Amino acid sequence: MRWWDLDAVLALEHDLFPEDAWSRGMFWSELADAGHPAASRTYVVAEDGGGRIVGYAGLAAVAGTGDVQTIAAARDHWGTGLGARLLTALLRAATAAECHEVLLEVRVDNGRAQRLYERFGFAPIGFRKGYYQPGNVDALVMRLADPAQNTVEEIHG
């Protein structure tokens, strides 16, 4: 992901997460720590054959722990495996950053995303009450031990 991707990313963000969408400033802040030798952030976008951004994902990797910051796929790409490919890219980045675990938060009402994470070996470890604002929706916290052992090719392959 680069700064010139932000208009398309923000349009997708607001479509998919209308209540708690990230702001342009939040994305800028994350991108400021990506793409340089000491970067702790990895952000990727996925494009369709026509160059339209149809997904994006981001990971923070600090002190051996990866944290999925965001992951999203356009509605017309749900069920195509795009989410799995984006998650695989993040897990590869976590492995490259020598992370021994990866954490994430997911809305308790997002069963589709939870099933994706479970397929990759993430397990629930707790809740964050009222994490998603302003809707006051709880987050399920999930953890994956050893991301190097959990890629889509190894699971489905």
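**Notes on the predicted model**

1. Let's start with Gln-133, which sits in the loop between β5 and β6. Keep in mind throughout that this is a predicted model. With a relative accessibility of 42%, Gln-133 counts as partly exposed, because that class covers whatever falls between the 20% limit for buried and the 50% limit for exposed. What does Gln-133 touch, once its neighbours within four places in sequence are set aside? It is in contact with Glu-19 and Asp-20. There's a distance to go with that: the C-alpha atoms of Gln-133 and Ala-21 are separated by 9.5 Å, although the two residues are 112 apart along the chain.

2. Gln-133 and Pro-134 are joined by a cis peptide bond, with omega at about 15°. Pro-134, too, belongs to the loop between β5 (123–132) and β6 (137–145). As a reminder, most peptide bonds are trans. I'd have this one on screen while you read the rest.

3. Most residues other than glycine have a negative phi. Ala-63, however, has a positive phi, near 55°, and Glu-98 also has a positive one, near 60°. Where are they? Ala-63 is in the loop between β2 and β3, while Glu-98 is in the loop between α3 (82–96) and β4 (101–107). Buried or exposed, then, for Ala-63? Its relative accessible area is 76%, so Ala-63 is exposed. Glu-98 counts as exposed too, at 69% relative accessibility.

4. Now helix α1, residues 6–16. Its buried residues are Leu-6, Val-9, Leu-10, Leu-12, Glu-13 and Leu-16. They span an arc of only 165° around the axis, and so they lie on the same side of α1. Note that Glu-13 is on that buried list along with the leucines and the valine. The face turned away from the buried side carries Asp-7 and Ala-11, both exposed. As for what covers the buried residues of α1, the cover includes α2 (24–31), β1 (41–47), β2 (53–62) and β3 (65–73).

5. Helix α2 can be read in a similar way. Which of its residues are buried? Phe-27, Glu-30 and Leu-31 are. Their arc around the axis is only 95°, which places them on the same side of α2. These buried residues pack against α1, β1, β2 and β3. So here again a glutamate, Glu-30, is among the buried residues, because its relative accessible area falls under the 20% limit.

6. Next, how the two helices meet. The axes of α1 and α2 come within 11 Å and cross at roughly 125°, so α1 and α2 are oblique to each other. The crossing is right-handed. On the α1 side, the contact is made by Leu-6, Asp-7, Val-9, Leu-10 and Glu-13, and on the α2 side by Arg-24, Phe-27, Trp-28 and Leu-31. Sorted by type, the residues of this contact comprise 6 nonpolar, no polar and 3 charged.

7. There is another helix pair to look at, α3 with helix α4 (residues 111–119). They pack at an angle of about 50°, with their axes 11 Å apart, and that makes α3 oblique to α4. α3 passes α4 in a right-handed crossing. Gly-83, Ala-84 and Leu-87 of α3 meet Leu-116, Tyr-117 and Arg-119 of α4 in this contact. By type, these divide into 4 nonpolar, 1 polar and 1 charged.

8. Last, a look at Pro-18, in the loop between α1 and α2. Buried or exposed, for Pro-18? Pro-18 is exposed, with a relative accessible area of 61%.

Notes. Residues numbered from 1 in each chain as written. Predicted model: local features only at pLDDT ≥ 70, side-chain atom pairs only at ≥ 80, totals over all residues. Heavy atoms only, no water. Buried < 20%, exposed > 50% of the residue type's maximum accessible area, 1.4 Å probe, protein only. Helix = DSSP H or I, 4+ residues; strand = E, 2+ residues; numbered from the N terminus. Arc of directions from axis to C-beta. Contact = heavy atoms within 4.5 Å. Axes fitted to C-alpha atoms, helices over the stretch in contact; angles between N-to-C directions. Parallel < 35°, antiparallel > 145°, perpendicular 65-115°, else oblique. Left-handed = near helix turned anticlockwise from the far one by under 90°. Nonpolar A, V, L, I, M, F, W, Y, C, P; charged D, E, K, R; others polar.
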